[in-house]
Amino acid sequence: MESALPVAGFLYWVGAGTVAYLALRISYSLFTAFRVWGVGNEAGVGPGLGEWAVVTGSTDGIGKSYAEELAKRGMKVVLISRSQDKLDQVSSEISNYA
């Protein structure tokens, strides 16, 4: 029976290490969620990532909104679209933000 004590002590520390690891992982996940959803992610997009941004589908909907927001944040934006007329229109609108 006494030979089982060292094994039990080892398993205790393996379990304690596992619990500590899981607690840290959960804490980090909650901190990240709070940082993204609670505080916001304003610094996540902008000139800190690079000087240029390429936006596809930039003449309508989400693509146009992304292009406008990136231009407002001071990035140089490359617009890609299927329609040249719409592309020229959005380009002139976005150039007002720069």
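## Fold and helix packing in a predicted model

The chain's secondary structure amounts to three helices and two strands, where helices (H or I, at least four residues) and strands (E, at least two) are DSSP runs numbered from the N terminus. This is a predicted model, in which local features need pLDDT of at least 70 and side-chain atom pairs count only at pLDDT 80 or more, while totals for chains, interfaces and linings use all residues. Residues are numbered from 1 along each chain as its sequence is written, and side-chain values use heavy atoms, with hydrogens and water left out.

Along the sequence, the elements follow the order α-β-α-β-α. The chain has 98 residues, of which 15% count as buried, that is, with under 20% relative accessible area, whereas exposed means over 50% and partly exposed in between (1.4 Å probe, protein chains only). The accessible surface of the chain, from the Shrake-Rupley method with a 1.4 Å probe, is about 7,700 Å², and 63% of it belongs to carbon and sulfur atoms. Of the contacts (heavy atoms within 4.5 Å) between residues at least 6 apart in sequence, 53% join residues at least 24 apart.

### Helices H2 and H3

Helix H2 (residues 61–72) and helix H3 (residues 84–95) have axes that come within 9 Å and cross at roughly 30°; the axes are lines fitted to C-alpha atoms over the stretch in contact, with angles from 0 to 180 degrees between N-to-C directions. H2 is therefore roughly parallel to H3, a term for angles under 35 degrees. On the H2 side, Lys 64, Ala 67, Glu 68 and Ala 71 take part in the contact, and they meet Val 90, Glu 93 and Ile 94 of H3. By class, this contact has four nonpolar, no polar and three charged residues, where Ala, Val, Leu, Ile, Met, Phe, Trp, Tyr, Cys and Pro count as nonpolar, Asp, Glu, Lys and Arg as charged, and the others, Gly among them, as polar.

### The loop between E1 and H2

Ser 58 lies in the loop between strand E1 (52–56) and H2, and Gly 57 is found in the loop between E1 and H2 as well. Their relative accessible areas are listed below.

| Residue | Relative accessible area | Class |
|---|---|---|
| Ser 58 | 0% | buried |
| Gly 57 | 40% | partly exposed |

Not counting residues up to four places away in sequence, Ser 58 touches Gly 63, Lys 64, Ala 67, Leu 79, Ile 80, Ser 81, Leu 87 and Val 90, and Gly 57 touches Gly 63, Lys 64 and Ile 80. The C-alpha atoms of Gly 57 and Ala 67, which are 10 residues apart along the chain, are separated by 9.6 Å.

Notes: Parallel < 35°, antiparallel > 145°, perpendicular 65-115°, else oblique.
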